[in-house]
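I opened this notebook to record what I looked up about ring contacts and charged side chains. The entries follow the order in which I read them.

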Amino acid sequence: MSYREKDLRSSLTLAVPIILDRHYHSITMKNIESAWFVETQKEMLDSTFSMILMSMVEALFLDSFDYGQYLNLLEKEGFEQGVYTAEIFGDHFDILLEMSKDLNLTAQGIMFKIIEEMEDDSTIRLVFYNRLMECNWIRFTGFAQGYLSNKNQQIDNLHEQKIALMGQMAAGMAHEIRNPLASIKGFAQLVNNRLYEPEIKTDELRAYLDITINEIDALNGLVTDFLVLARKGDSAKNNVVVFNIMEVIHRVNNIVNQLILSDDIILSVDYSLEKVLTYGNASQLEQVILNILKNSIDSFTAFRGRIDITVTTDSETNEIILIFKDNGEGIPQDKLNRIFDPFFTTKQKGTGIGLSICKQLIEMYGGQIKVDSEVQVGTSVMVILPWVNDYHI
């Protein structure tokens, strides 16, 4: 290796940190999201980009055969990096794509200038220029192909899951609708038969019709729940307001106390907070809490049990934490991870829609719902909601 070649290799290697600094500065000036990404991922970016640039410097000085082998390896490495990026940083791919393009341009600009200053032979300079552009392009195209390959696989998997879920939901709906329809048909036939009798007993017919109306109302409620589940509550977002969670807790407490017909069930509410504000839909949160509490009541063996409701706030995360804890029979661990699946239920009589809708309504307004349970010990449901702590109503 000639002295000039060693000197050029050394200068290009020393330029790598300069390229990265200029590259980061260019990216962070584009927008806040890009600046945040560079700041939070800088260690990973330094390691990856430095390795890429250093390998390209080495590639400039390879013989033709080794250079051909390097290009094959470079495309493979780019593909693997694209797959990894899609898995880890899929949500920020637009930033990474912009960074990849900017890095190529920045590196070429600085390295071209060094080569021009240190290499007198125009033919050799042209070889170096071509190799730099070729290496950048091959790695970039390999990266893009790897990313798209991974995303296509993810899309295929999501499609299969969606089809399976649709089948499950359709089967569940068919099962839940069939029972009320059977009752409606049965009582309609009874009414029809009674109308042919010599003496029409109006009280009996009225009772049959009342049952039929109740079954129709149940069907209507089931379909409404299904629409909320299927449409992700799009229209409900129009009713977003700021409201006091404690008022909802008070209303639910009064309702549930009417449902509790036994002194052996105790509902305890922590009233230490008078005003805790969040945004969303108060009636929907009431529906969520009622569903949680009804599940607790259903879990009590021999109608004995206790439910404790606590409400706390976290000023660091601006979150409200509601905890509903019971000492019911609990949920087996093998079923716990499925409780939010539509139409999955651990009850003998239940649609399996309730918790699915609860989860959807909570998440629609930026919250979370978590469930911990142990058989023969009890269940704890945690609902986390955004806390509006600087609002006045």
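**Aromatic pairs**

I began with Y129, which is buried at a relative accessible area of 18%, since the cut-off for buried is under 20%; I kept in mind that the model is a predicted one.

I then looked up the ring pairs and found a count of three aromatic pairs. One of them joins F61 and F128 edge-to-face, with 5.5 Å from centre to centre and 65° between the planes. This pair links distant parts of the chain, as F61 lies in the loop between α2 and α3 while F128 belongs to helix α5, 67 residues apart. I noted that both F61 and F128 are buried.

Returning to Y129, I saw that its ring centre is 4.5 Å from that of F112, and because the planes stand at 45° the pair is tilted. F112 sits in helix α4 and Y129 in helix α5, 17 residues apart, and F112 is partly exposed at 22%.

**Charged side chains**

I next checked R131, whose charged end sits over the ring of Y67 at 3.9 Å from its centre.

For salt bridges I found nine in the structure. R194 and E204 form one of these, with their closest N and O atoms 2.9 Å apart, and it links helix α5 to helix α6. I also noted that R194, E197 and E204 are linked in a network of salt bridges.

Within helix α6, D203 and R206 meet in a salt bridge at 3.3 Å, N to O, and they are separated by about one helical turn because they are three residues apart.

How values were computed:
Residues are numbered from 1 along each chain as its sequence is written. This is a predicted model: local features need pLDDT of at least 70, side-chain atom pairs count only at pLDDT 80 or more; totals for chains, interfaces and linings use all residues. Side-chain values use heavy atoms; hydrogens and water are left out. Rings of Phe, Tyr and Trp (its six-membered ring) pair if their centres lie within 6.5 Å; planes under 30 degrees apart count as stacked, over 60 as edge-to-face and the rest as tilted. Helices (H or I, at least four residues) and strands (E, at least two) are DSSP runs, numbered from the N terminus. Buried means under 20% relative accessible area, exposed over 50%, partly exposed in between (1.4 Å probe, protein chains only). A charge sits over a ring if NZ of Lys or CZ of Arg is within 6 Å of the ring centre and within 35 degrees of the ring normal. A salt bridge is a side-chain nitrogen of Lys or Arg within 4 Å of a carboxyl oxygen of Asp or Glu.
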